[in-house]
Amino acid sequence: MSHQQQFQALVETLKAAIDGQERFTLAYNAEESDFIRFNHAKVRQVGHVQQASVTLKLIDDERHADVQLTLCGEGEVDAQRLIDALQQLRSTLTLLTKDPYLKPNTEAWQNSNVQDVPLPDSQHVVEQIARLAQGLDLVGFYAAGPLYRGFASSWGALGWHQANSFNFDWSLFHENGQAVKANYAGHEWSDAAFAQRFALAREQLEFLGKPLKTLAPGQYRAYLAPAAMDEIIGMLSWGGFSAQSLATKTSPLQRLYSGDAQLSPLVSIDEQVSGSLSPAFSGEGYPRKDLALIMNGQGREQLVGSASAAEYGLQANGAEPWESPSSLSMAAGSLALEQILQKLGTGLYIGNLWYLNYSDQSAARLTGMTRFATFWVEDGKIQAPVSTMRFDDSVYSLLGSALEELTADRELILSTNTYSQRQTASSHLPGALISKLTLTL
Amino acid sequence: MFDLSAQLSQRFAALQSRAQFYSLRYVRQTSQHLCVRKNVAEPPHLSSDEGAMLTVRLNGVEAYAATRDLSQRGLQAALEQAEQHASRLAPHALLDLSDQPVATARADYLSPHLNDAFAPLADCIALLMSESNAVPKDERLVNWQVSLGLENVEQIYLNNAGAQIRRAQRFVYPGMTVTAFDGSDSQTRSLGRDNFGQQGGAEVISNCGLVGSAAQVADQALQLIMAPNTPNGPRDLLLMPDQMILQIHESIGHPLELDRILGDERNYAGTSFVKASDFGHLQYGSELLNVTFDPEIPEQLASYSHDDDGTPASKQFLIRNGLLERPLGGALSQFRADMPGVANSRASNWNRPPIDRMANLNIEPGDESLEQLIGGIEHGVLMSTNRSWSIDDARNKFQFGCEWGQLIENGELKGVVKNPNYRAISAQFWKNLSAVGDASTFKVLGTPNCGKGEPNQVIRVGHASPACVFKQVDVFGGDA
């Protein structure tokens, strides 16, 4: 039985099992994944994982609770597990008070998206990697396979999302310890496209052979490549656009949304669900909407889950309960890629940032490290790789007063996150030219 | 307890394999997470998860397959899938593990008080509601929540060399946060949460100090929004245990992980400023620094008898009198690096393979009371409760931030300061350790949220530490 059939069978089981005024939502998550780790251009660890679970929410008289349940794949056993879980939730609900923030989606929406482009054979991928990495110190991780997401409710909603994908994330290390990072991800593997991406990384590696330049703390002009921007935007996504964080004054973008601060008019950020790789519906059963989170430097829409919608009188817009963007898109600028070094003049070309966190969250002041392919540039020419440095700066400077230009070309970055399961989040980002970046250590 | 043990053993015995070595690691986890926010109970989140990982070693090449299907047919299919991977990718394998010894132990391990029933769900919600209601009425207090997480985990490890290692554990995570807002700045004060968790029963809630703490936590949040920023510049730094655990974790634990030193994590978690040749030679910190891998403190999060590869666990000094002695490397890393390590090969669940992880990583107590530590500081700052952490990929240059700061002048605690941060370099920082608190300052803490590995794994780690003093550290505040 296919995953979709298994899911539909469980939905029917539930429909038959619930009593008069009970309501349910059922979310389905499954994957079959090949995981291959590389070290020194060899296979360090290889494995396969197949997993599937449902999250059942039972609602009765404005009381609700949920249980996440692993499925074994045998229809009768899983149906019994679901019935047992239903009984567990029924017992639990008798202990609860009514939830004033319960706001399920009662619409009977339907949505289906099935992408089943065949994936490459893992052995073929490993052979391609081994061929291109010959003589190089490559370390990386390949994850591939189908992902399945489903949602159904007793009100008749039914969503199904199925997609095959691969993601190879790797680094090439120079013998001096410096490294470049690269990624090749998508649905359709192409040996030629991979070889082209690999060649680009190999080209960058050659720059790393020059003697390291050590910088003193201070302020520097800088170019942040899209992967570095992804770290900054990713940090802001941690509560920044969340309706609950904004209401409880814990959002790092509190001052932006209150109008007390603004970013550069160049900055516009959307949650761009349409055309993204992630499901068109949330695990709570709300269709996800395209949202203008920041427009021309000013805070606009928030990410609103169902509980926030009820608590703060807002419209739920398909955000998950943790209210973080998962299909983020930042508007492009006008800086051509070939002009980056010339416009930078003298300063830092930063390929990636690493391990960001807040120095002062209320002030959106961030700290973090340079990592992978960071170069010192003089008069528009790359001079030397730079030893690892710490920055500490406010977003209102980096993406505000100090932001000079954004690149016209953007990079689509697919999440490499595999905590618990492979993630479908993505971000579409330009690079940024910054007039001053504060280095502290 | 261990309900599936006999059935699993039978099914394991019936497996057919051409591998020289194979093992099964079964994990069942049930959990319950409760939270009351601003006196409203959030819906309980429950979970029930089980599955197994089959690992094979075929002609020296290891591979795994993890399955949710625990039937004889499902386990056999997973075993064959692992064999297929090992066979097909053998020409590209980094390691030949033909000669690596395998586990043969038979043992059971239980968390303390595991046989005592935990409080029923209704009582737990009532406790959280009571603490939430105890937060004082003050319009500046804009958010607060009280939470309780409970996880029951059973693991059964079997291999074809005869090992059978069973573990049943209960983990408890109490916590509270209160946020104050003055119209411009917000400050959050917390208790427990990501800085606290223990194995055991209801006593863990007492150990955390949750009951009766609401008024103090709220008061400290209000003090923080009225406090000046932490001053900038070098000062002596007194770190309380709930910040020491982060300091140990990031700048001792991660750099001593042997798989990082061997390069496995260079694409993700990073490398280390420590080299394999440093063990036995490098003076990591001052002579006051004694760091142990200690799986023998029963309530600590990562106490166990054997790790997830079946290696017996015992207390070991990693750093003694400041000298680096031993890495955090499990059996596989020890085999690869040809050096002794510890039993820290751990997996986050049945669907992730064991790798080198921190487990319980502790600093041994010294001989000074908290009053003596404060009394010995002329110009300093006390920092407590981690809230921000950032460190480079070699685990050297770091910047950490805390919720709570208090100035120390001429041996006395003075006013509260907000946004306390400090930055330094690991390789130098521990040499500035100038005083170590005694057993009265020692706390057994930990976090469920250590991330590492490809595929990614988040795992529980325990850290216990006394309060410690560091000389002349670069401290600073925020902008607000």
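Val67(A) has Leu46(B) as its bridge partner in strand S3(B). Strand S3 (residues 63-70) of chain A and S3(B) pair in the parallel sense over 4 bridges; two strands pair if DSSP finds at least two bridges between them. Strands (E, at least two residues) and helices (H or I, at least four) are DSSP runs, numbered from the N terminus. This is a predicted model, in which local features need pLDDT of at least 70 and side-chain atom pairs count only at pLDDT 80 or more, while totals for chains, interfaces and linings use all residues. Residues are numbered from 1 along each chain as its sequence is written, and chains are lettered from A and ligands numbered from 1 in the order in which they are written.

Between the chains, 63 residues of chain B are in contact with 71 residues of chain A (C-beta atoms, placed from the backbone, within 7 Å). Strand S3 (residues 45-58) of chain B supplies the largest share of chain B's side, 7 residues.

Chain B itself is assigned domain 1 (5-226) and domain 2 (233-476), with bounds from an automatic or database domain assignment. Their centres, taken over C-alpha atoms, are separated by 21 Å, and 36 residues of domain 1 of chain B are in contact with 35 residues of domain 2 of chain B.

Chain B also holds an open sheet of 4 strands in the order S13-S12-S11-S16, with antiparallel pairing. Strands S13 (323-324) and S16 (361-363) of chain B stand at the edges with a single partner strand each, so one side of each is left without a neighbour in the sheet. Strand S12 (residues 316-320) of chain B pairs with S13(B) over 2 bridges in the antiparallel sense, and Leu324(B) in S13(B) is the bridge partner of Ile319(B).

Terms used: Two residues are in contact if their C-beta atoms, placed from the backbone, lie within 7 Å.
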